[in-house]
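Here are my notes on this model, as a handful of points to go through with the coordinates open. Have a look yourself before reading on.

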Amino acid sequence: MITIALAKGRLMEQAIDILEAAGVDCRQLKEPSRKLFFFTPDRQIRMILVKPNDVPTYVEYGIADMGIVGKDTLLEEERLLYEMLDLKFGRCKLVVAGFPEKRDVWITHSHTRVATKYPNIARNYFLHKGKSVEIIKLNGSVELGPLTGLSDVIVDIVESGRTLKENGLVILEEICSVSARLVVNRVSLKMKNREIKALIDDIQRVVEERENGKVN
């Protein structure tokens, strides 16, 4: 049996869609339920639903052989696993954002406060730039950081930019592009190589066909 950890939330629907296109029966996942474990009819694949931040943990510890999760979560969690495929959906950007009038001056401040849900990413980014900052971890709407004076800037993911615009904020710097990724446990890739490799090949075929416009 192969166990796949799926991130609940914004990536869930597209993750199910791509698994189905690769031949995985996901009918149970589409039924109204509070269950967290789901099996394909032949019970060759088990799927578990977890919070996005927990996907890398379940995969690293081998509870799940594979997982689908955003690159932003992988960068933040820094877990020991194999990143096998860019699934090309859930695309967005990790950015530094703040008020437009700070576009050219925020980084020159002697003390910069950064509000973010991604403290590790933010810390590593500014360390690489040689900039010492104070990281303020938030779990809710990080846009409130600059609006309330809690922080000078924020580090967050941006898809359309609408939330930033409606709150008077702009992108000051782009950190990197992110999208959904397929990750695999290191031991599982050795112990279940044939089964996992076959599924990865099927998923890769779907991704490539969609990128080439062959599949809607």
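1. Ground rules. This is a predicted model, so to speak of local features we need pLDDT of at least 70, and side-chain atom pairs count only at pLDDT 80 or more, while totals for chains, interfaces and linings use all residues. Residues are numbered from 1 along each chain as its sequence is written, and side-chain values use heavy atoms, with hydrogens and water left out.

2. The parallel pair. Start with strand S7 (residues 112-116) and strand S8 (residues 133-137), which run parallel and share five bridges. Helices (H or I, at least four residues) and strands (E, at least two) are DSSP runs, numbered from the N terminus, and two strands pair if DSSP finds at least two bridges between them. Arg113 has Glu134 in S8 as its bridge partner. On the way from S7 to S8 the chain passes through helix H5 (residues 119-128), a right-handed β-α-β crossover (with the strands pointing away from the viewer, the path from the first strand over the helix to the second runs clockwise).

3. Strand S6. Six of the seven residues of S6 (residues 92-98) are buried, so this strand is largely enclosed by the rest of the structure. Buried means under 20% relative accessible area, exposed over 50%, and partly exposed in between, with a 1.4 Å probe and protein chains only. S6 pairs antiparallel with strand S10 (residues 170-178) over seven bridges, and the partner of Ala97 in S10 is Ile171. With strand S9 (residues 153-158), S6 is again antiparallel, over five bridges; there Val96 stands opposite Val155.

4. The cores. Which members of the largest nonpolar core touch the most others? They are Leu6 and Leu87, in a core of 32 residues. A nonpolar core here is a set of buried Ala, Val, Leu, Ile, Met, Phe, Trp, Tyr and Cys residues joined through side-chain atoms within 4.5 Å. Elements giving two or more residues to this core include strand S1 (2-7), helix H1 (12-21) and helix H9 (193-211), with H9 supplying the largest share, six residues. Leu87 touches Ile18, Ile68, Ala180, Arg181, Leu182, Ile203 and Val207, residues up to four places away in sequence not counted; contact means heavy atoms within 4.5 Å.

5. Thr3 is in strand S1 and counts as buried because its relative accessibility is 4%. Beyond four places in sequence, the contacts of Thr3 include Arg46, Ile48 and Met66. Thr116 is in S7 and counts as buried at 0% relative accessibility. With neighbours within four places set aside, Thr116 is in contact with residues including Ala122, Ile135, Val142 and Val155. Thr116 and Val153 are 37 residues apart in sequence but 8.8 Å apart in space, C-alpha to C-alpha.

6. Rings. How many aromatic pairs does a search of the whole structure find? One: Tyr125 and Phe126, edge-to-face, at 5.3 Å centre to centre with 75° between the planes. Rings of Phe, Tyr and Trp (its six-membered ring) pair if their centres lie within 6.5 Å; planes under 30 degrees apart count as stacked, over 60 as edge-to-face and the rest as tilted. Both Tyr125 and Phe126 are buried.
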